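Please open the model in your viewer and keep the selection tool at hand. The stops below follow one another, each with something to select and a short account of what is there.

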Amino acid sequence: MTEYVILSAILFTIGAVGVLVRRNALVVFMCVELMLNACNLAFVAFARQHGNLDGQVAAFFVMVVAAAEVVVGLAIIMTIFRARRSASVDDASLLRY
Amino acid sequence: MTPLLAAAEIPVVAPVAADGVLAWAWLLVALPLAGSVILLVGGRFTDSFGHWLGTATAAASFVLGVTIFVALLGRPADDRSISQHLWTWFDVGDFQVSMELLVDPLSLLFVLLITGVGSLIHLYSVGYMAHDPRRRRFFGYLNLFVAAMLMLVLAGDYVGLFLGWEGVGLASYLLIGFWQHKPSAAAAAKKAFVMNRVGDMGLSLAIMTMFVAFGTTAYAGVSEAASGASEATLTAIGILLLVGACGKSAQVPLQGWLLDAMEGPTPVSALIHAATMVTAGVYLIVRSNFIYELAPTAQTVVVVVAVVTLLWGAIIGCAKDDIKKALAGSTMSQIGYMMLAAGLGVAGYAFAIFHLITHGFFKANMFLGAGSVMHAMDDDVDMRHYGGLRKLLPVTFLTFAFGYLAIIGFPGFSGFWSKDLIIEVAFGHSTLVGLAALLGAGITAFYMTRLMLMTFFTDRRWEPDVHPHESPKVMTIPLIVLAALSLLGGVLVIGGWIGDFLEPVVGHAPHPELPVPAIVLTLIITAVVAVGVALAWLLVGRQEVPRTAPQDVSFATRAARADLYGDAINDTLVVRPGAALTRGLVGFDSGVVDGAIEGGARGIGGLSGALRMLQTGYVRSYALSILVGVIVVVLALLVVNWA
């Protein structure tokens, strides 16, 4: 049981570090997915431990939201890439003070 | 202190309704008011006849006044107080003010003085203002003044009196500043207006106090309620009324505006600032006798103010080289005499009014004479540029001489009777006040003789290109009439007529106890006057008069030339502290109030500017801050749950 939670924590940490340190939007995006899935793992693990289905239902919701997010997110990234010939998140920094 | 009348003996104003010719009293006010409206609204269409229309309305008022006077004389003495209710002015809850005219011996004497002297001055102005392009407007203002002054004296209610009071203030302001292209005239008009406001504040506070204390402001109601009121209330009302009277009548400490008011055209100085408006303060005090009789402290204050003013004005008159300002100082001083008599109570009221009337005659006469001299001297007012004019201006000289003899109190002339009576009453009150009044008479004789000598006698000192000439008939006829009145004004006192006539209004007092017999006192007064005349002759008449005023003069002369530092005192005590207070308030407003508001806004603005810097546009830094936030929240939850 503990192993699942540790794995989930490790995956989440890798995802979070990836979001913070990588510039490529696609990689950042993948890291976000990694974090979501780490959460899913934790949900399922705890659901199993406690013997009720709430966590598993939550995992399904996360997947649906992640799928929708991927559709919108990839479309934005594609448009930005076409316009700027770059997928770096640091280049798209016009919305500032 | 003169013994007061017992409360029951103070006449209560209890008028009966008007009938017959007396019911036309409203026309007294309406005629000049209509004239003024026609002249001021009619504009240029009335230019050709405006001056005659203005004179005609004033004269018509006078004729009506005489008719009413005759009708009043035909009634029994205790039935001469008639009121005419015109309409209800205010009707708010318990507070009722009706527009009501009160025709009684006191107001009617004023009506005759105002319209009589006023008509003569209108007539004189036809000639004096002949070459002024704005003559029609001048007559419009003069008519407005006459209407307002009649409203003041005829009102049967303090609120109505206040209406006239403000009306004459307005007319005075407009006429002092009539030659508004001169900065000095505009400044003088403003000064008069502002100083009068100070006095008006006193009067309006007095009226409010009456309303609070008595619930009414009508003379009838107040005179009835006064006997039941506390002395403190009456003293407060009396002193507040005195403040109003000081403003209008140029009494110390609100005297400063009168000398500057001489910037107006000379007929204005004669009508408003000598004969009528400035005496409104005396009218107010005599009219309010039912209050002053019960407030001896207020009476004492009136006497003190009056004595200070009568000496103050006389001293100023001694040093002025401007003929109109010398006469203005004399006006101040003479009104001081009237105030003195009014402050002495029942013994003096009738004499205050008597002196007011004779003063109206001789001072109007002398002011118009001074205008005639100025007319001859190309509007030069400096007496040091006159001299020896008696041969060239014979009519002006002779009429002026009548006024002069009247004011110094030459036996037989009107001023002799009226001033003599006031000094007598003053001695009856206390020797000190009597001596001050006696000294004032001596100084009056001195400065008037000086004025007379410098203008009509001594060497000719004018420039060669000045050609003095006698004024036209339209100007000399009023002078002759007024000169005759200056001589004959004393007939009013024959057999004590004026005292008897006014008795229903102001009450009657036995003749005062004098330290010496009355005839001896009269001789003493005449001797003091003779000393004043002789001194003036020694110091002015027998010596060369320099064309420019000598500068190496004594402190007293310098002080008198500077109006006894009246303006400097006002400046130090009121104007500069006031200005400093204003500056302080402005500083407080812009520093503290605005500072707090603006500082707060600036602080928020700066904070926002700093917070704005957090918006870098880098997604990864946002992500980092979200992460840090999450960690902080989780740690906080852990800490709370563990604790």
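Begin by selecting B:Ala347, B:Gly348, B:Phe351, B:Phe354, B:His355, B:Thr358 and B:Phe362 in α15(B), which meet B:Ser414, B:Gly415, B:Trp417, B:Ser418, B:Lys419, B:Leu421, B:Ile422 and B:Val425 in α17(B); contact here means heavy atoms within 4.5 Å. These residues divide into eight nonpolar, six polar and one charged, where Ala, Val, Leu, Ile, Met, Phe, Trp, Tyr, Cys and Pro count as nonpolar, Asp, Glu, Lys and Arg as charged, and the others, Gly among them, as polar.

This is a predicted model, in which local features need pLDDT of at least 70 and side-chain atom pairs count only at pLDDT 80 or more, while totals for chains, interfaces and linings use all residues. Residues are numbered from 1 along each chain as its sequence is written, chains are lettered from A and ligands numbered from 1 in the order in which they are written, and side-chain values use heavy atoms, with hydrogens and water left out.

Now show the two helices whole, α15 (residues 346–376) and α17 (residues 414–429) of chain B, which pack at an angle of about 150° with their axes 9 Å apart. That angle makes α15(B) roughly antiparallel to α17(B), a term for angles over 145 degrees. Axes are lines fitted to C-alpha atoms, for helices over the stretch in contact, and angles run from 0 to 180 degrees between N-to-C directions; helices (H or I, at least four residues) and strands (E, at least two) are DSSP runs, numbered from the N terminus. The crossing of α15(B) and α17(B) is left-handed, that is, the near helix is turned anticlockwise from the far one by less than a right angle, whereas clockwise would be right-handed.

B:Tyr158, B:Leu161 and B:Trp165 of α5(B) make the contact with B:Ala280, B:Gly281, B:Tyr283 and B:Leu284 of α11(B).

Two bridges join β1(B) to β2 (residues 82–92) of chain B in parallel: B:Val16 has B:Ile82 as its bridge partner, and B:Ala17 stands opposite B:Ser83. On β3(B), nine bridges to β2(B) run antiparallel, and B:Glu100 is the bridge partner of B:His85. In the hairpin of these two strands, with two residues between them, select B:Gly93, which takes a positive phi near 60°.

Where do two chains meet in a salt bridge? Select A:Asp90 and B:Arg620, whose side chains form one at 2.5 Å, N to O. A:Asp90 lies in the segment after α3 (54–84) of chain A and B:Arg620 in helix α24 (residues 619–642) of chain B, so the pair joins two chains. With a salt bridge taken as a side-chain nitrogen of Lys or Arg within 4 Å of a carboxyl oxygen of Asp or Glu, the count over all chains is 16.

Definitions and conventions: Angles under 35 degrees count as roughly parallel, over 145 as roughly antiparallel, 65 to 115 as roughly perpendicular and the rest as oblique. Two strands pair if DSSP finds at least two bridges between them.
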